[in-house]
Amino acid sequence: MERKELIKLKEVAKFYRMGDSVVKALNNIQLKIYEGEFVAIMGPSGSGKSTCMNLVGSLDTPTKGVIYLDNQDISTLHESDLAQIRGRKIGFIFQSFNLIPNLTAKENVMLPMMFQGSSISKRERKARELLDLVELTDRQHHYPNQLSGGQRQRVAIARSLANDPEVILADEPTGNLDTKTGQIVLDFLEKLHKQGKTIILVTHDPDLAQEYAEVIYWLKDGELEKVTKRYGKEFRVIHKKK
Amino acid sequence: MIGDYFTLALKNLKHRGIRSWLTLLGIFIGVMAVVALISLSSGLKTAITSQFGVENMEVITIQAGGLSGYGPPGSGVTEPLTKEDAEAIDKVSGVDFAIGRVISSARIEFNKKTGFVYMASIPEGNNLKNIYDTIGLEIEYGRHLKEGDLTKVVLGYNFYENTETFGKRILPGDKVTINDQNFEVVGIAKKKGSFILDNMITMQEDPLRDLLGEDDRVDVIAAKVRSPELMDRAKEDIEKLMRRRRDVEVGKENFEVSTPEATLEMVNTILGGVQAFIVIIASISIVVGAIGIVNTMTTSVLERRREIGVMKAVGAKNSQIFLQFFTESGLLGLVGGIVGVTLGLLIGQVGVGVINSFLGSEVPLDINFFLIIGTLAGSFLIGSISGIVPAMNAAKQNPVEALR
């Protein structure tokens with residue numbers, strides 16, 4: 001069966017101007033993410049993986065090339081249109097959780113739905129459902145600073161699911177957690193993947209990438225070094241930089 | 001949808017530190033000043049009017065001009081009014097009757113202590129009640145002076161109330177010494193709220209003239225008109241008469257004829273000046289407050305950069321971020337307004353209480369509902385306007401930069 005292409009980057013580059021010189025943060029990136037895939041974007045710091053994540057997550061627009069999200073060219077969209085599409089189709093999970101400190105767990109989960117204009121009753125219902133899913137029903141009225149790191153990241157997972165996005169984009173989601181709580185968070189992501197969600201995991205840890213992902217994009221110095229794909233228990237290179 | 005922004009803004013305001021609230025000082029001082037001023041306006045008017053002794057709206061006051069010094073009315077004038085002037089004014093058409101009064105400072109002794117006060121005469125006449133009405137003299141304790149009460153006096157309320165000067169209250173029946181002559185107190189006048197009137201000794205004209213060695217001089221003439229409509233006409237006639245009697249041209253008068261309207265107008269001018277002053281102070285204060293809000297909102301945008309980035313990442317449009325900060329800023333202003341209105345009304349209440357206890361009046365607190373609503377709406381507006389630029393800065397944040 002032909003799987004739906006969800007995100008496609010075509011010869012994408014991102015340059016930054018720094019004083020007089022131009023920094024090529026990312027160059028000539030080709031990437032295709034299919035619906036339901038668990039993909040990892042792998043690279044050491046400085047490899048351009050954060051820039052890549054920003055582009056994949058439509059937080060930023062490319063200097064060159066085209067980005068398709070759900071077959072729509074989003075590389076030239078206005079920031080506010082981009083925000084609306086992003087809010088609907090992509091759920092973000094950050095390394096440092098990034099919950100709004102003045103809002104309770106439940107209100108944090110409700111926030112993305114507010115920006116989409118959902119009714120308050122729908123927001124309440126959905127937030128309760130999602131907090132139930134991440135097993136934090138009893139913590140819904142707590143503020144972020146009253147929650148542990150693992151609990152916060154689970155709230156962030158619930159928030160990422162608020163608008164039923166097709167893609168969950170997780171940027172080093174276990175970076176600030178100990179191994180055990182990190183494991184719980186990854187297990188949630190795995191569970192979501194099994195339910196059909198597309199997961200994009202951005203990480204510097206090759207073991208982590210290889211434990212969970214089906215396809216891994218290896219970045220180095222702003223370029224795509226190779227792409228590996230899981231076949232059974234081993235990964236095979238399906239694309240290599242020429 | 002807009003309700004959501006208010007809810008969010010309230011949540012954020014609840015978590016604000018004392019620093020944010022201090023920047024509101026300007027707003028609430030400004031609002032407080034305006035609200036206190038307006039709620040006190042009746043009270044202030046009464047207080048100022050009472051100092052001018054405007055008692056009877058049908059009385060024209062005539063005084064000699066050319067003051068050469070400070071003192072009670074008529075003192076130190078080069079060409080004083082005379083008994084004959086009073087008699088002539090009494091005959092002006094439109095004038096019911098005219099009373100000439102002698103006013104002077106006096107030394108009074110009681111309880112072996114001495115005080116310096118003013119004394120004023122009441123004229124001889126057969127219609128004393130009318131005279132008392134005209135000069136606004138009412139009795140609190142004891143009785144009025146009667147004809148033939150040549151060694152009796154009526155004292156102002158302060159002689160009874162204030163025991164500082166003489167060590168004890170002076171009561172009807174007490175004996176006092178005025179300029180070395182003995183008098184018996186028969187009455188204490190009602191409280192007027194005017195320093196001069198409450199410290200005044202009133203006695204018959206003859207003993208006062210004896211005391212002063214004065215024959216003919218009159219310091220002030222009070223002319224009661226037959227009806228208020230005749231006021232302007234009577235004033236003109238009196239002026240004409242006095243010019244003739246004193247042989248002066250128009251514009252070079254050495255006397256002054258004033259109506260209660262003129263006095264009230266002066267009161268309004270004074271009150272207007274006070275109001276303008278307070279409004280200017282309040283405006284400056286509100287401008288300072290608005291700058292304070294700009295400042296606190298700008299800081300807040302910087303502090304919450306990451307939060308803005310997160311909101312954008314989860315789908316907030318620029319306009320939604322703008323509205324969020326704009327609403328918050330407006331609510332900040334509104335809080336300043338609420339505090340200001342509350343304190344302003346409180347000050348008004350205390351002020352009215354003070355005025356009423358001092359004057360013995362029953363002036364109400366002027367609470368204008370529209371003023372309060374308008375003030376609160378204005379505070380919200382000032383807050384939101386102050387928040388426009390910071391909110392625009394918040395909306396313009398690049399999500400990637402903000403999340404870094």
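**How the two chains meet**

Modeller: Let's start with the contact between the chains: 19 residues of chain B and 23 residues of chain A take part, where two residues touch if their C-beta atoms, placed from the backbone, lie within 7 Å. Keep in mind that this is a predicted model, in which local features need pLDDT of at least 70, side-chain atom pairs count only at pLDDT 80 or more, and totals for chains, interfaces and linings use all residues. Residues are numbered from 1 along each chain as its sequence is written, while chains are lettered from A and ligands numbered from 1 in the order in which they are written.

Colleague: Which helix gives the largest share of the side of chain B that touches chain A?

Modeller: Helices (H or I, at least four residues) and strands (E, at least two) are DSSP runs, numbered from the N terminus. Helix H1 (2-14), helix H12 (305-313), helix H13 (318-359) and helix H15 (399-403) of chain B each bring at least two residues to that side. The largest share is five residues, and they come from H12(B).

Colleague: How many residues on that side of chain B are charged?

Modeller: Here Ala, Val, Leu, Ile, Met, Phe, Trp, Tyr, Cys and Pro are nonpolar, Asp, Glu, Lys and Arg are charged, and the others, Gly among them, are polar. On the side of chain B that touches chain A, seven residues are nonpolar and six are polar. The charged ones number six.

Colleague: How far apart are the centres of domain 1 and domain 2 of chain B?

Modeller: Chain B splits into domain 1 (2-50 + 265-403) and domain 2 (57-258), with bounds from an automatic or database domain assignment. Their contact takes five residues from domain 1 of chain B and four from domain 2 of chain B. Taken over C-alpha atoms, the centres are separated by 51 Å.

Colleague: Why does B:Thr49 count as buried?

Modeller: B:Thr49 sits in helix H4 (residues 41-51) of chain B. A residue is buried if 20 or more other C-beta atoms, placed from the backbone, lie within 10 Å of its own, exposed if 12 or fewer, and partly exposed in between. B:Thr49 is buried because its C-beta neighbours inside 10 Å number 22.

Colleague: What is the radius of gyration of chain A?

Modeller: Chain A holds seven helices and 11 strands, and 47% of its 242 residues are buried. The rule for a globule, with the radius taken over C-alpha atoms, is 2.2 Å times the number of residues to the power 0.38. For 242 residues, a compact globule would come out near 18 Å, which agrees with the value for chain A, 18 Å.

Colleague: How many residues of strand S3 of chain A are buried?

Modeller: A:Phe38, A:Ala40 and A:Met42 point one way from S3(A), and A:Val39 and A:Ile41 point the other way; all are buried. The strand (residues 38-42) is therefore largely enclosed by the rest of the structure, with its buried residues numbering five of the five.

Colleague: What is the bridge partner of A:Ala40 in S9(A)?

Modeller: Strands pair if DSSP finds at least two bridges between them. Five bridges link S3(A) to strand S8 (residues 198-203) of chain A, running parallel, and in S8(A) A:Met42 has A:Thr203 as its bridge partner. Strand S9 (residues 215-220) of chain A also runs parallel to S3(A), joined by four bridges. In S9(A), the partner of A:Ala40 is A:Ile216.
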